[in-house]
Amino acid sequence: MTIRFTLNDQPFAYEGDPEKPLLWVIRDEAGLTGTKFRCGIAACGACTIHVDGIATRCCTLRAADAANTEVRTIEGLRGPAGEPHPAQSAWIDARVPQCGYCQSGMIMAATALLAENPEPTDADIDAAMTNLCRCGTYPRVRAAIHALVRESGVPS
């Protein structure tokens with residue numbers, strides 16, 4: 001069975017077990033390792049990607065569920081010349097990353113939030129950003145999102 005979807009604006013075909021978690025297809029088959037594995041039960045958010053623009057935890061999403069969708073990973077946020085996405089720059093400016101392990105999932109969740117709600121309140125951010133960070137970067141995540149909104153907004 002061939003599963004076809006768009007991965008970071010490029011056609012992608014996966015031939016293999018349709019039950020395989022999409023996370024492992026992205027990491028092992030496509031070689032995109034920015035999406036992280038941590039809990040394996042879609043609780044922590046380290047594996048957050050966009051599927052048709054919606055923040056999705058892909059460690060429990062079957063490869064078959066990606067058929068005919070638009071999938072974007074942290075690597076797909078970069079601009080055409082490889083420049084960082086404004087959210088990535090805001091993260092750096094706000095010194096959000098500490099160990100960094102959860103940050104790609106956090107940025108994917110934040111960009112999905114801002115695409116849906118370009119001016120989120122603290123309560124909106126807290127409700128949308130359910131990713132777990134063992135370093136406790138939550139106040140800096142909130143600051144980075146507010147700075148991003150103030151300075152430039154988030155292009156889709």
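**Fold and selected residues**

Modeller: From the N terminus on, the elements of the protein run β-β-α-β-β-β-α-α-α-α. Keep in mind that this is a predicted model.

Colleague: How many helices and how many strands are in the protein?

Modeller: The elements follow the order β-β-α-β-β-β-α-α-α-α. Counted by type, the protein has five helices and five strands.

Colleague: Why is the protein as compact as a globular protein of that length?

Modeller: The globule rule gives 15 Å for 156 residues. The protein is close to this value, so it is as compact as a globular protein of that length: its radius of gyration is 15 Å.

Colleague: What share of the contacts between residues at least 6 apart in sequence joins residues at least 24 apart?

Modeller: The C-alpha atoms fill a box of roughly 45 × 30 × 25 Å along the principal axes, and 42% of the 156 residues count as buried. Among contacts between residues at least 6 apart in sequence, the share that joins residues at least 24 apart is 56%.

Colleague: Is Ala55 buried, exposed or partly exposed?

Modeller: Ala55 lies in strand β4, residues 54–57. Its relative accessible area is 37%. Buried means under 20% and exposed means over 50%, so Ala55 is partly exposed.

Colleague: Which residues is Ala55 in contact with, leaving aside its neighbours within four places in sequence?

Modeller: One of them is His50, which lies in strand β3, residues 48–51.

Colleague: Is His50 buried or exposed?

Modeller: The relative accessible area of His50 is 8%. The cut-off for buried is under 20%, so His50 is buried.

Colleague: Which side chain does a polar contact of 3.2 Å join to that of His50?

Modeller: Not counting residues up to four places away in sequence, His50 touches Ala55, Glu70, Val71, Arg72, Met108, Thr111 and Ala112. From Met108, the backbone oxygen lies 2.7 Å from a polar atom of the His50 side chain. The polar contact of 3.2 Å between side chains joins His50 to Thr111.

Colleague: How far apart in space are Ala55 and Gly136?

Modeller: In sequence, Ala55 and Gly136 are 81 residues apart. In space, C-alpha to C-alpha, the distance between Ala55 and Gly136 is 21 Å.

Technical notes. Residues numbered from 1 in each chain as written. Predicted model: local features only at pLDDT ≥ 70, side-chain atom pairs only at ≥ 80, totals over all residues. Heavy atoms only, no water. Helix = DSSP H or I, 4+ residues; strand = E, 2+ residues; numbered from the N terminus. Rg over C-alpha atoms; globule rule 2.2 N^0.38 Å. Buried < 20%, exposed > 50% of the residue type's maximum accessible area, 1.4 Å probe, protein only. Contact = heavy atoms within 4.5 Å. Polar contact = N/O pair within 3.5 Å; in protein donor to acceptor, adjacent residues only side chain to side chain.
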